Amino acid sequence: MRIDAHHHLWHYDPVAYDWIDDSMAVIRRDFLPNDLAETTTAAGIDGVISVQARQMEEETRWLLELAADSSLIRGVVGWLPLISPELPALLDSYAAPKLVGLRHVLQGEPDPAYMLGADFNRGIAELTKRDLAYDILILEHQLPQAIELVDRHPQQRFIVDHIAKPRIRDGELQPWADRMRDLARRPNVWCKLSGVVTEADPSAWTPEQLRPYMETALECFGPQRLMFGSDWPVCLVGMEYARWVALVEDLVSRLSPDEQTAFWASNATRAYRLDR
């Protein structure tokens with residue numbers, strides 16, 4: 001069993017996806033379940049977690065509808081307004097077996113302390129009550145605030161997206177590495193080995209450039225709390241899906257069979273409660 005814990009689906013629209021600039025022209029098209037199935041099957045992936053790409057309830061509903069008809073999509077990390085006083089009612093209305101968590105695009109918030117606001121933290125508390133995970137999408141400079149957020153919610157399951165987006169393009173390992181070690185001391189935090197190539201130069205990356213960041217993530221979270229993710233189709237800006245799978249296979253090849261099983265499937269299953 002292999003699970004890709006992070007990918008996206010969309011009907012491409014240049015206004016809705018205005019973050020896809022000219023340098024990312026390769027992903028200016030639709031990416032739908034048939035494309036996903038073809039890609040993952042060829043790479044030996046058995047299941048996926050579909051993650052929101054737009055902060056819209058409409059997309060969350062659409063992903064859940066797709067998941068309900070798909071054996072490949074094991075869970076959905078959607079978006080709902082965490083700061084809204086109506087969040088409890090919204091969570092009730094969106095309750096579905098495959099809704100496994102929520103995400104907010106914290107990397108796009110100009111205030112690094114946004115995640116520490118009282119309304120945001122009330123929203124996280126609602127997820128804890130419902131045994132839903134929360135995906136932390138941040139840039140590396142937001143790690144101190146993320147650590148404070150996690151410390152406020154010791155019973156909440158958190159999953160860090162894209163190894164917290166270190167400055168790979170600039171070759172900067174610190175202070176990201178030390179902050180990741182600090183965050184990883186919290187046992188309720190998992191991490192996705194995903195989104196790495198797009199933090200480098202997608203047109204000029206090398207395996208040697210990526211390796212220190214991948215190894216640091218594995219060192220920090222270990223094979224019991226690090227999980228595989230692709231960030232497909234965004235990863236296509238820098239490499240093909242199968243190429244990323246091969247790079248990761250090389251990284252984890254030194255792990256024991258049980259550790260590899262944890263990395264490829266068990267960690268995502270535990271973090272997102274896929275077996276409930």
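Helix axes are lines fitted to C-alpha atoms over the stretch in contact, and angles between axes run from 0 to 180 degrees between N-to-C directions. The structure is a predicted model, in which local features need pLDDT of at least 70 and side-chain atom pairs count only at pLDDT 80 or more, whereas totals for chains, interfaces and linings use all residues. Residues are numbered from 1 along each chain as its sequence is written, and side-chain values use heavy atoms, with hydrogens and water left out.

Helices (H or I, at least four residues) and strands (E, at least two) are DSSP runs numbered from the N terminus. Helix α8 (residues 241-252) packs with helix α9 (residues 257-272) at an angle of about 145°, the two axes being 11 Å apart. The crossing of α8 past α9 is right-handed, the near helix being turned clockwise from the far one by less than a right angle (anticlockwise for left-handed). Contact is taken as heavy atoms within 4.5 Å. On the α8 side, Val245, Val248, Glu249 and Val252 meet Gln260, Phe263 and Trp264 of α9. By class, five nonpolar residues, one polar and one charged make up this contact of α8 with α9; Ala, Val, Leu, Ile, Met, Phe, Trp, Tyr, Cys and Pro count as nonpolar, Asp, Glu, Lys and Arg as charged, and the others, Gly among them, as polar.

Burial was assigned from relative accessible area (buried under 20%, exposed over 50%, partly exposed in between; 1.4 Å probe, protein chains only). In helix α6 (residues 176-184), the residues Trp176, Ala177, Met180, Leu183 and Ala184 are buried. These residues lie on the same side of α6, because they cover an arc of only 120° around the axis, the arc being that of the directions from the helix axis to the C-beta atoms. The partners against which the buried residues of α6 pack are α5 (143-152), β6 (158-160), β7 (189-193) and α7 (207-225).

The loop between β6 and α6 contains several backbone features. Most residues other than glycine have a negative phi, and most peptide bonds are trans. Alanine 164, in this loop, is not a glycine but has a positive phi of about 65°; alanine 164 is also buried, at a relative accessible area of 0%. Lysine 165, in the loop between β6 and α6 as well, has a positive phi near 50° and counts as buried at 15% relative accessibility. Proline 175 belongs to the loop between β6 and α6, and the peptide bond that joins glutamine 174 to proline 175 is cis, with omega near 5°. A cis bond with omega near 5° also leads from tryptophan 232 to proline 233, the latter placed in the loop between β8 (226-228) and α8.

Twelve aromatic pairs are present in the structure. Rings of Phe, Tyr and Trp (its six-membered ring) pair if their centres lie within 6.5 Å, with planes under 30 degrees apart counted as stacked, over 60 as edge-to-face and the rest as tilted. Tyrosine 17 and tryptophan 19 form an edge-to-face pair, with 6.4 Å centre to centre and 65° between the planes. Tyrosine 17 is buried at a relative accessible area of 1%, while tryptophan 19 is partly exposed at 35%. Phenylalanine 263 and tryptophan 264 are likewise edge-to-face, because their ring centres are 5.2 Å apart and their planes stand at 80°; both residues are buried. Ring pairs also link Trp10, Tyr12, Tyr17, Trp19, Phe31 and Trp232 into a cluster.
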